[in-house]
Amino acid sequence: MYEPIRAKSVHSMADADARFPHRSREEELDIQLAGHLSALLAVTDELGLDADADRIAVQVARLRGAPPARHAGHRRENAAALHRRAHALAGRALVVAASRADTAAAILAAQRMDAHTAAVADTSPVGL
C-alpha cells in the first residue's frame, strides 16, 4: 500500500559535524536582548535622557562585547509617542532578560518601563 522511504528525511536533526556554526539558546537570547536594548537606547537618546541612555549602553556593551552606536539626531517626534515606544521596547527586553535570567538587564528594563509609564501619564491630556 505504501512505498518505503528511500531518501534521508529532511526533518532529521542537523549533523554535529556540519560546517556552519550553531548558536546555543543562551547566545540567541543574548542577541535578542542586545537588540531590544539597542532599540531602547536609540529612543532614549532621542528623548534626551542621557543618564538613562548611558545605563542602557553599559548593558548593551556587556552583551555584545563592544560599545553600541549612539543615536545622534533627533526626529522631533511627539514625546508621548516616544515614551510609548520606549515602554514597549523595555517590555520586550524584560521578557527576554527574564527568560535568560539576566537580573541586571531585567531590573533596568523594569525601571525603564516604570519611568516611561510615568512620563506618558504626565504628557497625556486629562480625561484619557
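Author: Accessible areas here come from the Shrake-Rupley method with a 1.4 Å probe; for residues, only the protein chains shown count as cover. On that basis the chain exposes about 8,700 Å², with 57% of it supplied by carbon and sulfur atoms. This is a predicted model: local features need pLDDT of at least 70, side-chain atom pairs count only at pLDDT 80 or more, and totals for chains, interfaces and linings use all residues. Residues are numbered from 1 along each chain as its sequence is written, and side-chain values use heavy atoms, with hydrogens and water left out.

Reader: How many helices and strands does the chain have?

Author: Helices (H or I, at least four residues) and strands (E, at least two) are DSSP runs, numbered from the N terminus. This chain has four helices and zero strands. Along the sequence the pattern reads α-α-α-α.

Reader: Which residues of H1 are buried?

Author: Buried means under 20% relative accessible area, exposed over 50%, and partly exposed in between (1.4 Å probe, protein chains only). An α-helix has 3.6 residues a turn, so residues three or four places apart point the same way. The buried residues of H1 include Leu29, Leu33, Leu37, Leu40, Leu41 and Thr44. Across the chain, 30% of the 128 residues count as buried.

Reader: What do the buried residues of H1 pack against?

Author: Contact means heavy atoms within 4.5 Å. The partners are helix H2 (50–64), helix H3 (79–100) and helix H4 (103–123). For the whole chain, take the contacts with a separation of 6 or more: residues 24 or more positions apart account for 69% of them.

Reader: Which residues have the most contacts inside the largest nonpolar core?

Author: A nonpolar core is a set of buried Ala, Val, Leu, Ile, Met, Phe, Trp, Tyr and Cys residues joined through side-chain atoms within 4.5 Å. The largest one has 25 residues, and Leu33, Leu37, Leu40, Val43 and Ile56 have the most contacts inside it. H1, H2, H3 and H4 each give two or more residues to this core. H1 supplies the largest share, eight residues.

Reader: Which residues does Leu33 contact, leaving aside its neighbours within four places in sequence?

Author: Leu63, Ala93, Val96, Ala97, Arg100, Asp102 and Ala105. Take Ala105, in helix H4. Ala105 is buried, with a relative accessible area of 1%. Beyond four places in sequence, Ala105 contacts Leu33, Leu37, Gln59, Arg62 and Ala97.

Reader: Where is Gln59, and is Gln59 buried or exposed?

Author: Gln59 sits in helix H2. A relative accessible area of 11% makes Gln59 buried. With neighbours within four places set aside, Gln59 touches Leu37, Ala104, Ala105 and Leu108.

Reader: Which side chains does Asp102 join by polar contacts?

Author: A polar contact is a pair of N or O atoms within 3.5 Å; within protein, one must be able to donate a hydrogen and the other to accept it, and residues adjacent in sequence count only if both atoms are side-chain atoms. Asp102 lies in the loop between H3 and H4. Its side chain meets that of Arg62 at 2.6 Å and that of Arg100 at 2.5 Å. Asp102 is buried, with a relative accessible area of 6%.
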